[in-house]
Amino acid sequence: MFIRTDDKITATQTAIFLNNTLLGAGVLTLPRSVSKSVGTPDGWISTLLGGAIVMLVVLLMVKISQQFPGKTVFQYSRLLTGRFIGGILSMLLILYFITIAGFEIRTLAEVTLFFLLEGTPIWAVILPFLWLSTYLVYGGINSIARVYTIVFPISIMILLISFVLSLRMFDIDNLRPVLGKGWSPVFAGLKSTVLVFTGCEVTMTLVAFMDDPKKAVKAMLGGLAILMSIYFLTIIIVIGGISIDSAITSTWPTIDLLRSFEVPGFFFERLEFPFMVIWLMQMFCNFSSFFFQSTLGLSQIFKLKVHPIIYALVPLLFISAMLPKSLGDLFALGDTIGKMGLVLFLLVPVLLSVVWLIRVKGLKQHV
Amino acid sequence: MCRRILVVLCSLLILATLTSCWSSKEIEDLALYAGLALDVGEFSATEQELEDKGATYYKKNKITATVQMVPANSVGGTDKQGGSSGSSPPYMNVTGTGDSVLEIFRQYSILRERPIIGHHLKVIVISSELLKQQRINQLMDFVLRDNDIRPSTMVFISQGRAADTMVAKQKNEIPAFHIRDMLRNQKRTSKVLDPVILSKMDANMHSKRSYALQNLVTANGEVEFSGAGVIKGDTGHWVGPLNQEETECLSWLTNGGQSGVIKTYDWSNEPITYELKSMKSKITAKADGGELSFDVKLVTEGRLSETWNVEEYPAATHLPQKAEELFKERLEGMMKSMLHKLQSDYKADVGGFSTRLSIQEPALWNKLEDHWDEVFSRTPIHVTVDLKITDFGSFTQ
């Protein structure tokens, strides 16, 4: 039996898709934000806790999506809550995705300009990525998933190589004492660790594209588990390498860890350059995901063809990327996105699940 | 046809987006600097003359920064052209005086033709005199913020002017690289401390912890690693030196050194020398009813490598214990005098006692954290040494 499945992705591809959507700038900034809010070396516990919470959230998202096979959140939210409310919810989601997309590509540009291409105008960095992404999104979810499957092992490999080589900086004392000030700092850290998982709302559209939606729970939780272990490893290596005091003062602590040592005689003496070049691909993946999600949403809400919308969104995304005036603005935007994520979580999956429970289980309606 | 023209036009348009070498700079046109020395503001002869002619700007002359530039081709190592240029050394020092490190750096641009870049900065030397006047946080601020300078840069202190450490006696030597390469000798002596790199210093400054920086002394064009300088965490000022033995003890105490020798005089007052094969230190914090104290346990094994006592070889029958006893006393004495200096004279905990306390007694540490150096200075520290002579070199006794 041979079926052409152009617009379907396998469970493995889904896991990688989710992982590549979320894994990006967080690796560069998480050690700082989490150390700042925790204040003790216990950031790694917060990361594990945060990951566990997000897994529950995603589980809810998958469950509600599985009730509507082949339909994305943009479609089933109208079925459940009606044209008007569903439309508003979808528009909020799209706005959220566009903001994240802008945030991701701007972060990418800021790191590149600071460490790699000092003096290059910012638009010259953003535009090529934007165009390339347009081309990728034009190909639909299948081509995106294929690109991710290629990028994923490369970026994970370079990340692991960098971490292994930074073990020379590692000192277990930097990670002790464990729970020296009790559990309250750990909970305070949750607000920054949950933030690195923002964008997990894409789950609610991804399930619709799976060739076997029954495997959705496994795929999504698998993707999140990879993500969580990478963040966990990042915290351990960076805090263990440069201690929380140095991580708090540094803008990009992970890069600063790689800049803290030289490997004479190795193929690269300075690891930050290969690492950043590869990591740009990862951040490009983040951006493409959210770009794809917003075009998908717009075309499904307004029942338009997807290709003109892709082109129409390019200038909008560029503006969204250029809106923050400074690095401070950018990080503030990152926090705002985290709060938006929280509100959207309450609004979309929770509200939809409640409505679904009332209508289907309570009133025995057929939606 | 129309479509084909459109395609060609689009391709041409895409050509314009190839921005690959936008902000590239040729390495030959840049001046890489490998060393930086910071001193108390004092004009060089050239600067004085320029100043007299009115070539100055709005500033207070608080610091003098000396930058050691190396030609791009000497970074790679072998240099064929070096032979023809003959007598000139492979580096060039440029000096500027002012009160902002960055401004002084930019001032070099109106003095030399090539812009300086900090990607290859290896060594920063600060004079202890300057650190009495300025906080280290002020001096290092620019260096920590800059995007070129790597956090792997090592920081040292100099007794006397720091600029003098940036002058080489040997012809083909670059002083900054020389200082960096000296660290290889950690295998042979513990008088060379673990280097304090910028990211570690950043952490110390943020947590207001005291720390020791390796001290450089120059004489007759030679640079020696001699002792260390103690920087107090809360003020960021230099408070005093540690001599060579104390520095050695400090690296043993912090598990930073596994090597070195202990020399003492035996029963006939002849020198007798012990060479370390291993050294482990363990600090234990004890809080009995609110009374805080530390136990330091040093465990070392080594070899009796030299004795001038030709009458009575120490290995003979009962003597190894006697020799062990002598070395033990000496090591304990050295440790105690170092700790005494830290506690009474400097009131600065550079031995990592605070880290131990925070790990072993986190609750107590949270209470003492704010005035730690004060508490440290009156906390009793007990030192016990476990020393074992395992062999006598290629002599049997």
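Predicted model: local features only at pLDDT ≥ 70, side-chain atom pairs only at ≥ 80, totals over all residues.
Local features need pLDDT of at least 70 and side-chain atom pairs count only at pLDDT 80 or more, while totals for chains, interfaces and linings use all residues. Residues are numbered from 1 along each chain as its sequence is written, chains are lettered from A in the order in which they are written, and side-chain values use heavy atoms, with hydrogens and water left out.

The interface comes first. Contact means heavy atoms within 4.5 Å. By this criterion, 30 residues of chain A touch 29 residues of chain B. The two chains bury about 2400 Å² between them. Buried area is the accessible area (1.4 Å probe) lost when two parts are put together, summed over both. Carbon and sulfur atoms hold 48% of it. Asp245(A), Arg259(A) and Arg270(A) supply 24% of the area that chain A buries against chain B, more than any other three residues.

Five salt bridges link chain A and chain B. A salt bridge is a side-chain nitrogen of Lys or Arg within 4 Å of a carboxyl oxygen of Asp or Glu. One is formed by Lys122(B) and Glu262(A), with the closest N and O atoms 3.3 Å apart.

Helices (H or I, at least four residues) and strands (E, at least two) are DSSP runs, numbered from the N terminus. On the side of chain A that touches chain B, α5 (83-116), α6 (122-138), α10 (216-249) and α11 (253-258) each give two or more residues. The most come from α10(A), with six. By class, this side has 13 nonpolar, seven polar and 10 charged residues. Ala, Val, Leu, Ile, Met, Phe, Trp, Tyr, Cys and Pro count as nonpolar; Asp, Glu, Lys and Arg as charged; the others, Gly among them, as polar.

The whole structure holds four cavities of 30 Å³ or more. A cavity is a set of points on a 1 Å grid over the protein atoms alone, where a 1.4 Å probe fits but cannot get out; lining residues have an atom within 4 Å of a point.

Two backbone features stand in chain A. Most residues other than glycine have a negative phi, and most peptide bonds are trans. Arg176(A) and Pro177(A) are joined by a cis peptide bond, with omega about -5°. Leu179(A), not a glycine, has a positive phi of about 55°. Pro177(A) is in the loop between α7 (140-165) and α8 (184-195) of chain A, and Leu179(A) lies in the loop between α7 and α8 of chain A.

Conventions
1 Å grid on protein atoms, 1.4 Å probe; cavity = no way out; pocket = protein on both sides within 12 Å on 5 of 7 lines; lining within 4 Å. Points joined across faces, edges and corners; volume = space filled by probe spheres on them.
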